[in-house]
Amino acid sequence: MSWESIIPNVLAGDPQSLAGAAPAAIMDNEQFAAFYARSARSLWAYLARVSRDPGLADDLTQEAYVRFLCADHPQDGEVAARRYLFKIATNLLRDHWRRPQSSSIDELPEAVFAASSEIQSDSAAMLGPAMARMRPRDRQLLWLAYAEGYSHHEIAQITGLASASIRLLLFRARRKIARLLRSGGEA
Amino acid sequence: MSPFSCTREREVSDLLHNGYWPQACPGELRAHVASCRICSDLVLVTGSFQSARRQTAELPRLEPAGAIWWRAQLRRRNVAIEKVGRPIVGAQIFAVIMTLVVVAAMAIWQFGNWSAWFADLPGALHLTALIPSSMPENSVLWIIVPVITTIALLSGIVVYLTSEKQ
């Protein structure tokens, strides 16, 4: 296929016009809307709880879906697609943490979660302060394992950590957060 | 049983993730959880996280899926245009380099003729009439060269600004 023949299709936004067109993009608008409706809230919850910044979670959720749709890797089925989405989100979070930090008066760490604590169960209400005392990587591992229910192998795929080290890292993180939850996040 | 795991951890984990804890859990396993530090941590942490997940997932005001779809299409289109345009940019860079090489070769080859032409230029254009009589006649070249250079630079800027607007 010559470039003269590609250009009109590209300008028309034809997703098939590129060699190796993204399979995620083969998902049509309606399929994507359904997938988005099923997965967006849990992805947002992951980003918000791990970053402790709901505003950042808004931005990264949108960016994760845009990158997912632009991706060149085939995702067989919804489970793999979700896992891939969490991997993109994890990489976005990592990129965010690597960037030089600037503080803003708009930052509301945990404020949103604290505001709704009245309707939370005791342990869930205590999770915010306990999570605040955990390292970001531990927050990621704990959320993926215990909120999302991913296996050690899946967590390794999402985070890029060695599968063998996930078990030990999770064990330590779980023991620490359990101690914090029992002591009301003050330990 | 290793210090990092309990033999019944998988069993407890399955019950928790399937929503069977504690109602559908055998009393014997409940007694084990009460006495096992690893399993009790697992129950506490999983319960807290699942509860937090349910509550946190109610909070976001998500952007419509259509808007995200549209943004992704736009980004894909821009990436595609960039990809298609890459060989063209390469060809343009090559053409500019070749032109500069040819011009440089011509300048070196015709240096003798050009220097004579430049020397004759003030006389041919009667530029001496523009120069104050107090200046020596051979200083005309020092005026012509900067003027031509300035015109060339301004032309480049105009071409750049025009292409930017396009």
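**View 1. Buried residues of helix α4 in chain A of a predicted model.** The buried residues of α4(A) are P54(A), A57(A), L60(A), T61(A), A64(A), Y65(A), V66(A), F68(A) and L69(A). The helix runs over residues 54–70 and has 17 residues. From its first C-alpha to its last, α4(A) reaches 24 Å, close to the 24 Å expected at 1.5 Å a residue.

**View 2. The crossing of α10(A) and α3(B).** Angles from 65 to 115 degrees count as roughly perpendicular, so α10(A) and α3(B) are roughly perpendicular to each other.

**View 3. Residues that meet where α10(A) touches α3(B).** From α10(A) come R174(A), R175(A), I177(A), A178(A) and L181(A). In α3(B) they meet D41(B), L44(B), V45(B) and S48(B). The residues of this contact divide into five nonpolar, one polar and three charged.

**View 4. The side of chain A that touches chain B.** Here 48 residues of chain A are in contact with 36 residues of chain B. Several helices of chain A each supply at least two residues of this side, among them α1 (3–11), α4, α7 (122–132) and α10. The largest share, 12 residues, comes from α3(A). By type, the residues of this side of chain A divide into 32 nonpolar, 10 polar and six charged.

**View 5. Confidence in chain B and in the complex.** Chain B has a mean pLDDT of 84, and 89% of its residues reach 70 or more. For the complex, the predictor gives an ipTM of 0.73 and a pTM of 0.67.

Technical notes. Residues numbered from 1 in each chain as written. Chains lettered and ligands numbered in written order. Predicted model: local features only at pLDDT ≥ 70, side-chain atom pairs only at ≥ 80, totals over all residues. Helix = DSSP H or I, 4+ residues; strand = E, 2+ residues; numbered from the N terminus. Expected span 1.5 Å × (residues − 1). Buried ≥ 20, exposed ≤ 12 C-beta atoms within 10 Å, placed from the backbone. pLDDT = per-residue confidence, 0-100. Axes fitted to C-alpha atoms, helices over the stretch in contact; angles between N-to-C directions. Parallel < 35°, antiparallel > 145°, perpendicular 65-115°, else oblique. Contact = placed C-beta atoms within 7 Å. Nonpolar A, V, L, I, M, F, W, Y, C, P; charged D, E, K, R; others polar.
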